[in-house]
Amino acid sequence: MVQTSEKQKPLVAIFGAGMMGSGIAQVCIQAGYPVNLYGRSEKKLLEARETIKKNLIRVASKKKVDVPLEPEALEQIALLQLELLQIHTDIASATEDASMAIEAVAENLDLKLDIFQTIQKTCPQTCMLITNTSSLKLSQMLPVIKNPSLFAGLHFFNPVPVMKLVEVVSTDETSQETTEFLFNFCKEIKKLPVAAKDTPGFIVNRLLIPYLMDSIRMLERGDATKEDIDTAMRFGTSYPMGPIELCDYVGLDVLQSTLKIFRETLPGDARFNPIQLLDKLVAEGKLGRKTKQGFYTY
């Protein structure tokens, strides 16, 4: 197992250049880790790189200094950090010399299995294989993992540069050395790790998804308006965001997919039954903030 050091940190390969993948890449390079970011589209990779650059400039501008830095100086700081980031459209080149491979692709089991099978053709035998799944059980991926002792989960939360928590998920076959490495890694990238067992939804989503679904059902029944549901939970529990607006932030298609996964892994649990209102909005393409319309219009 490669250990981190101040002189040279191990290479992290990240698969998926969307919000999650680019966010993980950003916090890694901020902590001094070299990163290979893989995506199928060079255009999307360049967009991800530009987003990371803008975020790094924003972070640098907020640091307390005696004299505020000029825009040119802030950009130079970001460009220096970006030297740690390499983008790839070829999996073989992305995995070469990687000590850790993190998949951050869509929440689709077949897609994740395909990624891991492809990664293992070219990555070093000592490379840790990490899934960023939010709801799939890791045991569902184990059949394609050659060395289960090096396989685990790191569930980051969106937006990654802002959210502190990471769920470190281990299977019965994950080695203690791998788990300890991942806890130290999370701390180095300024995250707060918690240990979670390989159960559906781990800790946060196992509690959060039923809460969000209950809020949608309450709205569907007409028990309260979406505005009053959100206001009640924000000011009655000091939550920073109400459940209906949080649904829009997460993405209604993501919630629908997660609900399906829970329904399949926990059959018979009525909390995860389909919700007509949610299905209707998704079918209409109203997915939340990312489409400018969901339960609310943005």
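Let's start at a helix contact. On the helix 2 side we have Arg-49, Ile-52, Lys-53, Leu-56, Ile-57, Ala-60 and Ser-61. They meet Leu-74, Glu-75, Ile-77, Ala-78, Leu-79, Gln-81 and Leu-82 in helix 3. Sort those residues by class and you get 9 nonpolar, 2 polar and 3 charged. Among the residues listed are Arg-49 and Lys-53 from helix 2, and Glu-75 from helix 3.

A word on the source. This is a predicted model. The average pLDDT of the protein chain is 94. Of the residues, 97% score at least 70. The exception to flag is residues 1-5, where the pLDDT is below 50. That stretch still has 14 contacts in the model beyond near neighbours in sequence.

Back to the geometry. Two packed helices are described by the angle between their axes and the distance between the axes. Helix 2 covers residues 42-61, and helix 3 covers residues 71-82. Their axes come within 8 Å. The crossing angle is roughly 125°. Perpendicular or oblique? An angle of 65 to 115 degrees would count as roughly perpendicular. Helix 2 and helix 3 are therefore oblique to each other. Their crossing is right-handed.

Next pair: helix 7, residues 204-221, and helix 9, residues 243-250. Here the axes come within 9 Å. They cross at roughly 115°. So helix 7 and helix 9 are roughly perpendicular to each other. And the handedness? Helix 7 passes helix 9 in a left-handed crossing.

Which residues meet here? From helix 7: Leu-208, Tyr-211, Leu-212, Ser-215, Ile-216 and Leu-219. From helix 9: Pro-243, Ile-244, Leu-246 and Cys-247. By class, that contact has 9 nonpolar residues, 1 polar and no charged ones. Helix 2 with helix 3 has 3 charged residues. Helix 7 with helix 9 has no charged residues.

Where does Cys-123 lie? Cys-123 is in the loop between helix 5, 109-119, and strand 5, 128-131. Buried or exposed? Its relative accessibility is 13%, and the cut-off for buried is under 20%. So Cys-123 counts as buried.

What does Cys-123 touch? Leaving out residues up to four places away in sequence, Cys-123 touches Thr-95 and Leu-129. Cys-123 and Ala-101 are 22 residues apart along the chain. Their C-alpha atoms are separated by 8.4 Å.

That's the tour. Over to you.

Definitions and conventions
Residues numbered from 1 in each chain as written. Predicted model: local features only at pLDDT ≥ 70, side-chain atom pairs only at ≥ 80, totals over all residues. Heavy atoms only, no water. pLDDT = per-residue confidence, 0-100. Contact = heavy atoms within 4.5 Å. Axes fitted to C-alpha atoms, helices over the stretch in contact; angles between N-to-C directions. Helix = DSSP H or I, 4+ residues; strand = E, 2+ residues; numbered from the N terminus. Parallel < 35°, antiparallel > 145°, perpendicular 65-115°, else oblique. Left-handed = near helix turned anticlockwise from the far one by under 90°. Nonpolar A, V, L, I, M, F, W, Y, C, P; charged D, E, K, R; others polar. Buried < 20%, exposed > 50% of the residue type's maximum accessible area, 1.4 Å probe, protein only.
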